[in-house]
Amino acid sequence: MIKGDERRLLHQFIILDMAIKSLQKDYQQIEHLKMSKVFIPIVDQLLKDIRNDFYNKKRLLAKSGIEVVKWVKTSEYFSACTIKTTGEDEVHEYANQALKTQVEELINTYLKK
């Protein structure tokens, strides 16, 4: 069973993970822009900062015996995340649009630092 503080930490971890994947995917398109020399250093720093927080959260989750095992898109609007815990595995459902919005907000927060 995942406790409340662990659930918040897990959610932050998931958002960080999705932000990294999204930025990595967008990075390929940024390389082809005329102004890529301007944008690539910004995205590189963003990825560095987000990865640092991602690995810190991953370590904290590992100490609690929590690990994200897999993601499955269950429908057009929802995805399920399987989480391994020291007890039994749990499946959490997430709304895709809500996750996207939270990832965008997270990236904006890092850009303002």
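How many bridges join strand β2 (residues 78–84) to β3? Before we look, note that this is a predicted model, where local features need pLDDT of at least 70, side-chain atom pairs count only at pLDDT 80 or more, and totals for chains, interfaces and linings use all residues. Residues are numbered from 1 along each chain as its sequence is written, and side-chain values use heavy atoms, with hydrogens and water left out.

Select β2 and β3 to start. Six bridges join the two strands, which run antiparallel; strands pair if DSSP finds at least two bridges between them. Together β2 and β3 form a hairpin, with five residues between them. Click on Ser79 and you'll find its bridge partner in β3, Tyr94.

Stay on β3 (residues 90–95) and show side chains. Glu90, His92 and Tyr94 point to one face and are buried (under 20% relative accessible area, with a 1.4 Å probe and protein chains only).

Next, pick helices α1 (residues 4–30) and α2 (residues 36–63). They pack at an angle of about 155 degrees, with axes 9 Å apart. That makes α1 roughly antiparallel to α2 (angles over 145 degrees).

For the contact (heavy atoms within 4.5 Å), select Ile42, Leu46, Asp49, Ile50 and Asp53 of α2, plus Ile107, Tyr110 and Leu111 of α3.

How values were computed: Axes are lines fitted to C-alpha atoms, for helices over the stretch in contact, and angles run from 0 to 180 degrees between N-to-C directions. Helices (H or I, at least four residues) and strands (E, at least two) are DSSP runs, numbered from the N terminus. Angles under 35 degrees count as roughly parallel, over 145 as roughly antiparallel, 65 to 115 as roughly perpendicular and the rest as oblique. Buried means under 20% relative accessible area, exposed over 50%, partly exposed in between (1.4 Å probe, protein chains only).
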